[in-house]
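Please look over the structure below before reading on.

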Amino acid sequence: MTAMQHISVWLDVPLRGAFTYLHPQPLPSGQRVRVAFGNRELCGVVDNSVPPQALDEARCKPILAVLDELPPLPEALLQQVRFAARYYLHPQGQALFTALPTALREPRAVTLADRQSYRLNAAGLAAAPSARSTVKQQLWQALQQPQSRAALRRVHPQATAFLKQALAAGQLDILPWQAPPLQVAAALTLNDEQQAALDAVAANLGRFGAFLLHGITGSGKTEVYLQLIARVLATGQQALVIIPEINLTPQLIERFAQRFPASHIVCLHSGLSDGERLQGWVDAWQGVADIVIGTRLAVFTPLPRAGLLIVDEEHDGSFKQQDGLRYHARDLAVWRANQAQVPVLLGSATPSLETVANVEAGRYRKLLLSARAHGSARLPRIGLVDTRRLKLVDGLSEPVIAALRQRLERREMSLVFINRRGYSPVLACTACGWTSACKHCSARMVLHLSARQLRCHHCGAQQRVPLQCPACGNPDVQPLGEGTQRLEEALRRLLPEARILRIDRDSTSHKAAWDTVYQRVHAGEVDILLGTQMLAKGHDFGALSLVVVLGSDGGLYSADYRASERLFAQLLQVSGRAGRAELAGDVIVQTNWPEHPLYLALTRHDFDGFAASQLQERREAGFPPAASQVILRADAPQYHEAEAFLQQVLALCGELPPPLFVFGPAPALMARLAGRERAQLTFEAPQRAALHAWLRALLPQLDALARKAPRQLRWSLDVDPQEI
């Protein structure tokens, strides 16, 4: 009787160790398997780097099936997951399954597109079909040259049946997939700064180097990316481009497809179906894809021929995952580039303070693009409108209305930016002061007038707009403040001749929405774009000459120490949409605080000065990047339950060894979310290594304490938190 092998298997469960199963033969690391876990069947991944537990065979379950329709997952991916799990203090099994496409997380085999080509062999050429069989004649003629299954289906929908018959008769040769020759369309001429940046990174191809491409808005960062990638593809390697938002994808894909018409470009983001995402991920893993463009999860995409990693808009907060494995895609990209010994390029007009600090420390090399790429384009003029003594019409001042009207007369396009969707951020009673608070969150419900609904943008709760005040019965309930829908209504009333296009999450929910937006803008069918942060970065609208910013003062009052950094980046990014071509650009910011240092730096386009002052403040306060933080969060139906758990953790910690500190327990900034009360402990230390080592040693005790906690309590660790 053959001795059974003990196999270590990772599962997608919230436990830190691997599980031991039995199988008649050894299995390679990365092999997907189907196993029983309790009363469920789960997908597991074998990992031979973890010694299996020395358990009696009677206590071990057998592996139910080996899912071998794909090769084992590559070792480089397993190493990246091991690092991510260790660094972010997360169970490795859950980290691994976070990195996989949804289809590969399921305990079943997957089906992929046929990438092979087919051609008639001598037997097939000798077996010409009857002339009366038109369909077979067409397919037989086509197969005298190599044809993919997809190409044959374009010849006739019955191609699959014909292929099956011809293969069974031994009339076809099967040809493996071959990459077409590289084609690169004509590139733009680079200016001196762009050329210097290109040469600096290109000189590092084949070895690790971290570069910050700090280019002002419109300075041609994407053209540098394209010409770098052309050099990478010419050496037979692959490139990975990580972007922050799905809505940036169509425009970027179009530019890449025009530059590299024969290259296989894969797009990976949450807007794809499970099948589409799986196929792109596997194409990248098998070396079929030349360029991968994706949002944050794409940082885990396997690349056997990796040559270059690019993180565009590296400052963007969406690169940080906020649940499950709370990784930061930018930081993992730098680690991955180091492991693969390839350069990583971080691009931004407003780099994060962490990246600025890394440049100052000599860990990253800064490459500057200080001029706009278009020959006649200049940075826009930024002016402030003091609204303290001005009468506003639905949030719009007279200088703003006049500027919009002037652009209409010139047939130039304007952008009105306000980072609040809906009709109004709150509904209020004029008699008793009642406001439309969410029952489930520490937030107000937003009025969506067209749908006659109040909606919470945090938990998704909805309710009908009340006909009278729920507290006192007063029928006079009024919307307070402006959202995109209310501004759209006001602009249509004030400027009836204007063609207005509203861009927010409500208006761009369907899959082809952004294609429609670009078509209308580039066809000259839009006079005023009105939208939220979805319009703030990455978009290039040549006819746009005016940007109006409304409602930005709220960012000055936040208790989050990162709020000023985020607000400045957002305002500088949205300002950069103006004047990117021949037309001169203007920006108007309405504010009650025109003397605020942030706005004064904005009017000077002084990112370096603003960043230096912010870094100095962080150093004096001991905040990141001058220190390292980890937040332990707990939430429960009642606040005292979450706080009690954190008090137990605090007692477990005892007296922290210097220079470690702990603050709390304290309520989160949004203390109630989706019906659960939230509290947190913040651990901090000047050096990351000491803090991580101490927390890793604490994890077993923390896990044991959590197992004794009430079932309704949830907890998580957030390493390098971006939200407090």
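Cys472 counts as partly exposed, at 43% relative accessibility, where buried means under 20% relative accessible area, exposed over 50% and partly exposed in between (1.4 Å probe, protein chains only). This is a predicted model, in which local features need pLDDT of at least 70 and side-chain atom pairs count only at pLDDT 80 or more, while totals for chains, interfaces and linings use all residues. Residues are numbered from 1 along each chain as its sequence is written, and side-chain values use heavy atoms, with hydrogens and water left out.

A search of the whole structure for disulfides (pairs of cysteine sulfur atoms within 2.5 Å) finds zero. Cys472 is accordingly in no disulfide, and the nearest cysteine sulfur, that of Cys429, is 3.7 Å away.

The two residues with accessibility values are set out here.

| Residue | Relative accessibility | Class |
|---|---|---|
| Cys472 | 43% | partly exposed |
| Glu677 | 17% | buried |

Apart from neighbours within four places in sequence, Glu677 is in contact (heavy atoms within 4.5 Å) with several residues, including Ala634, Tyr639 and Arg672.

Leaving aside neighbours within four places in sequence, Phe683 is in contact with residues including Val630, Phe661 and Trp694.
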